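Visitor: I am new to this structure and would like to learn how to read it. Could you walk me through it?

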Amino acid sequence: MASFEARLLTDANHEEWLALWQASRQWLAQHPGYHGAMAAGTGGVVGVWSAQRLVLALSFHELHRRGLRRWITPLWASFGGPLVAREIGELAPDKAERFWREALGAAASCVPASVNAAEVIFAPGCIDVRGLTWHGWDARPHYNYVSEWTEPGGWRAALESSVRRQERKALDAGLAARVQSANATKELEGLWRRNAARTRLDADLAAQAGRLGAWLASQDAGFVVEIVAADGAVHAAALVGHDAHRVYYHVGASEPDALGSGAPTLLQTAILDEIERRGLPRCYDWVGANTPGVARFKRHFGPRLELLLAVRLQDRAARLLETARGVMRRRTQD
């Protein structure tokens, strides 16, 4: 196997990047268009070439917070890279081990020194992260929930009684589901902004929901579900994407003045119903299970726990900030 060379992708490499995705397992969040919608351009993508052929790509969403430059796995995706061709999975064990060790090692050297922290959440089945950890990155578990079923309506059998009660509460109150095109994100964006203060999330991310929805609509790869009251008020909404493997709960929000209406629960059962109505893969990816409150809500729907690997690089400034934040959290809890 030839040696590896890594460099940041530019707009001139877009066709190579797209060709690599087309030769891959074609996970939705690894598509160049997903990155473009969330990161507004080609920047923040590490490419690895072998014999002048692009063989691996790691895409990041860039954030600037508290004076630090961070590269993270693309927003609202349960995992990101590394993007590789399907043929890598068919290599003999010794060649596969060498590929991951050397290709990821080359990628590790390509992250600019001005990036204070970078993280890759590896796709399912990618387990050899040593090419990064041997270059100073730290590996840790990353948890996700996935609901899978085989028979029509089989997802209902996994629901806990609390979910059934909340769904019935919402329906009895006159709430109903409305399915829209993926680019119909106006209500979702409004709910996100109104929720931002309560959830401590960035209100400006609402605009990115709109960009992602527009891209999903252009690919016929998603839809929006809204939970609407009889008076037309939207109590909850979500943007959902899909590929040949899974359906993804990318982003959702609820009306903060209508908490307790059962709308968030009805939103999820409506999504599961729509998956079957459209004949999509009966595999619903809840996109994360790493925050106690969020995990508790999702767990009531009976998903299986999926273990992924997250690999992170931090410089001294990023480590100091994380330590300080940890101290503040503990003081708040005391």
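Guide: We will go through the sheet, the salt bridges and a surface patch.

Guide: This is a predicted model, where local features need pLDDT of at least 70, side-chain atom pairs count only at pLDDT 80 or more, and totals for chains, interfaces and linings use all residues. Residues are numbered from 1 along each chain as its sequence is written, and side-chain values use heavy atoms, with hydrogens and water left out.

Visitor: In what order do the strands of the open sheet come?

Guide: Helices (H or I, at least four residues) and strands (E, at least two) are DSSP runs numbered from the N terminus, and two strands pair if DSSP finds at least two bridges between them. Here 10 strands make an open sheet with mixed pairing, in the order 4-5-6-13-7-12-11-10-9-8. Its edge strands, each pairing on one side only, are strand 4 (61-65) and strand 8 (176-181).

Visitor: How is strand 4 joined to strand 5?

Guide: The two run antiparallel, with five bridges between strand 4 and strand 5 (residues 68-72). Together the strands form a hairpin with two residues between them, and R66 in the turn has a positive phi of about 50°.

Visitor: Which strands does helix 7 lie across?

Guide: For such angles, axes are lines fitted to C-alpha atoms, for helices over the stretch in contact, and angles run from 0 to 180 degrees between N-to-C directions; contact means heavy atoms within 4.5 Å. Helix 7 (residues 205-218) lies across strand 4, strand 8, strand 9, strand 10 (234-242) and strand 11 (247-254), and runs at about 50° to strand 10.

Visitor: How many salt bridges does the structure hold?

Guide: The general idea is that side chains of opposite charge can pair when their charged atoms come close. A salt bridge is counted when a side-chain nitrogen of Lys or Arg is within 4 Å of a carboxyl oxygen of Asp or Glu. The structure holds 19 of them. Among them, E97, D128 and R130 are linked in a network.

Visitor: How far apart are the closest N and O atoms of D172 and R168?

Guide: They are 3.3 Å apart in this salt bridge. D172 and R168 are separated by about one helical turn because they are four residues apart in helix 5 (residues 161-172). D172 counts as exposed at 57%, and R168 as partly exposed at 46%.

Visitor: Which residues form a nonpolar patch on the surface?

Guide: Patches are made of residues with over 30% relative accessible area and no salt bridge, joining like charges within 9 Å and nonpolar side chains (Val, Leu, Ile, Met, Phe, Trp, Tyr) within 5 Å. Accessible areas come from the Shrake-Rupley method with a 1.4 Å probe, and for residues only the protein chains shown count as cover. Here Y143, L305 and L307 form the patch, with about 300 Å² of accessible area together. Y143 lies in strand 7 (residues 138-148) and is partly exposed, at 34% relative accessible area.

Key: Buried means under 20% relative accessible area, exposed over 50%, partly exposed in between (1.4 Å probe, protein chains only).
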